[in-house]
Amino acid sequence: MIEIRDMRVRLGKFTLRDVNLRIREGEYFVILGPTGSGKTVILEAIAGLCRIRKGAIFINGEDATNMPPERRRIAYVPQDYALFPFLNVRENIRFGLKKGDVNREETDRRIGHLAHLLGITHLLERPVGNLSGGEKQRVSLARALATAPRILLLDEPLSSLDVSTAKYLRLELRRFHDELGITTIHVTHNLMEAEELADRIAIIDKGNLEQVGTREEIFLSPCNETVSNFIGTPNILSCEKCSDLGHGLIEAVCGRMPVILPYEGAEVRKIALFPRDIYVSVVKPPGPQLNRFRGIVRDIQPFSSLARLKVQVGDNLLLTEMPKTAMEEMAIEVGQEVYLILKIRGIRIV
Amino acid sequence: MHSSRVYKGIRGEGVFRAATIGALALLCLFFVGILASLFTYTDWGTMAKTLFSREIFLAIRLSVTTATIATFFAVLIGIPAAYAISQTEFPGKSVVDTILDLPIVVSPVALGAALLVFFNNPVGMGIEKYFLRFVFEVPGIVLAQFTVVSALSVRLMKSTFDSIDPRYEQVGRTLGCSKVSVFFRVTLPLARNGLIASCILTWARAVGEFGATITLAGAMKPKTETLPVAIFLSLSTADIEKAIAVIITLVTIAACSLLVLRKIGKKGYPA
């Protein structure tokens, strides 16, 4: 278990203020926040890579505040992977295995096992300069895991990958975690990444830890405006009636809005929908009219690049979000009739 | 209106391109012209005879040996010094940085004179008496070369260390390396090409060092006669053929060094 008490770190003009955090053994913990919020600084402090001005860090009850990084048994995978270019893949993975501690056979066995687990056996003799982003990520992960660390720190591990590779590796990361059971702290600015991977999430902004909780706690009950602005306040709809449509689908009527969603159970009481998961159009969308509704714009709140619209559908006042430029192009005004399309994957059962 | 502006822009670009390439061509022509003029003063036979004379052989040997020793010491102290100035924050760092730049901008004759004065004070005289003689001796050549090139060596190596992403060292630390171990296992291999390039440039500069060498070690044939000193001595006795032969030797050494340097430059690690 990792316990951070009143930690303060100062780097130039940036200050990470009084962080208090407890991360449980074997947990997949995600630190979520916008760029420059101090996410990486927390990782670096846990790894012992930056000086702590105030406070303390305990790892499994042991005070690690002033412990050098090499003694913490914490593996760190930086955003750009930092694979050593003068070593090939095998040598990179072997780097952390000290000759005195692990014999040759054990080293080879461990490298072979990790290479198999991460699907990089065919890359072992390759120079790291020729690897793709996804391959580099796997090699970097193998190198980190080879030392049998107690904690794994991942700094934006999927941010430099293309969408499909990132999506695939997201599932893989969770699989490795479940298989190895290692305490993992993952830093990201991507809400979907946090939602899919995390057991618990910490929201950080401008050096302040704003909220720590489970996915549901964070997404459905943001503790303040900062968190709610960052994750977006969801629309919570109460369902009056549910009917099973078969094939794992149900129709839930919420405030005279018949919403279709995948669900194996019998009854849904409430559903949550994030504003970003509702698309707005001024023309009637073609195709079957499932989860598509006609509504009236009641309010428009423009921000720098984004606009938030309140749209009346049935008895519900739905909050939606769209790029400001798109709203201006469509000349959407208060009182106008618009069509809303609900993203089926974005519908959450509460 | 719009098309005429575009045309003017294209014409302006052409003029700018011609002006910059013209300046480059002029400079190249200037250097090639100087070197080519050497061959108008002598013929191949005389030059070959002079080049293979014992005196020139001794001068080459002395220059290469002293430059190699000076480079060895410059690199030995330069690597940790460059690393410290590149990676460490300490009070008075800008002052130290300026002190290190001084030998690069101060005239080598002035540095040689300062060394000569140093060996005339009690500490210097003590070193001369009980440790090693430098004034008008071969070690003086090494010391003079070291004084001139060590700062250059530190400057070049510092830029190499500056270019290394600190993430590599950080990852090395989390993989179980101590600060010392990470320096040898991560930083030095990453800096390898840059360090080799620095060594070559330092060595080439040491071979060509004249001002500080002649001031501290003198110009005694053949005892302290390095290649640049040989040019000076030949010119002072109006032996133009010999001076030209030595100049060509020096230019060849410099050209070979730069060729090796370019080859190393192409071997950089992909980012």
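Which domains does the domain assignment give for chain A? The assignment, which is automatic or comes from a database, gives domain 1 (2-231) and domain 2 (235-349).

## Basis of the model

This is a predicted model, in which local features need pLDDT of at least 70 and side-chain atom pairs count only at pLDDT 80 or more, while totals for chains, interfaces and linings use all residues. Residues are numbered from 1 along each chain as its sequence is written, and chains are lettered from A and ligands numbered from 1 in the order in which they are written.

The C-alpha centres of domain 1 and domain 2 of chain A lie 36 Å apart.

Strand 6 of chain A pairs with strand 7 (residues 151-155) of chain A in the parallel sense over 4 bridges; strands are DSSP runs of E with at least two residues, helices are runs of H or I with at least four, both numbered from the N terminus, and two strands pair if DSSP finds at least two bridges between them. Within this pairing, A:Tyr76 has A:Leu153 of strand 7 as its bridge partner. In a regular strand the side chains alternate between the two faces of the sheet. Both faces of strand 6 of chain A are covered, with A:Ile74 and A:Tyr76 buried on one side and A:Ala75 and A:Val77 buried on the other; a residue is buried if 20 or more other C-beta atoms, placed from the backbone, lie within 10 Å of its own.

## Around A:Leu141

A:Leu141 lies in helix 4 (residues 133-145) of chain A and is buried, with 25 other C-beta atoms within 10 Å. Leaving aside neighbours within four places in sequence, A:Leu141 is in contact with A:Val77 and A:Leu118, where contact means that the C-beta atoms, placed from the backbone, lie within 7 Å.

## Where the chains meet

Between the chains, 18 residues of chain A are in contact with 16 residues of chain B. The largest share of the side of chain A that touches chain B, 3 residues, comes from strand 6 (residues 74-77) of chain A.

## Chain B

The secondary structure of chain B comes to 12 helices and 0 strands. Its radius of gyration, taken over C-alpha atoms, is 23 Å, well over the 18 Å that the globule rule (2.2 Å times the number of residues to the power 0.38) gives for 271 residues, so chain B is more spread out than a compact globule. Along its principal axes the C-alpha trace of chain B spans about 70 × 60 × 30 Å, and buried residues make up 35% of the 271 residues in chain B.

Conventions
Contact = placed C-beta atoms within 7 Å. Buried ≥ 20, exposed ≤ 12 C-beta atoms within 10 Å, placed from the backbone.
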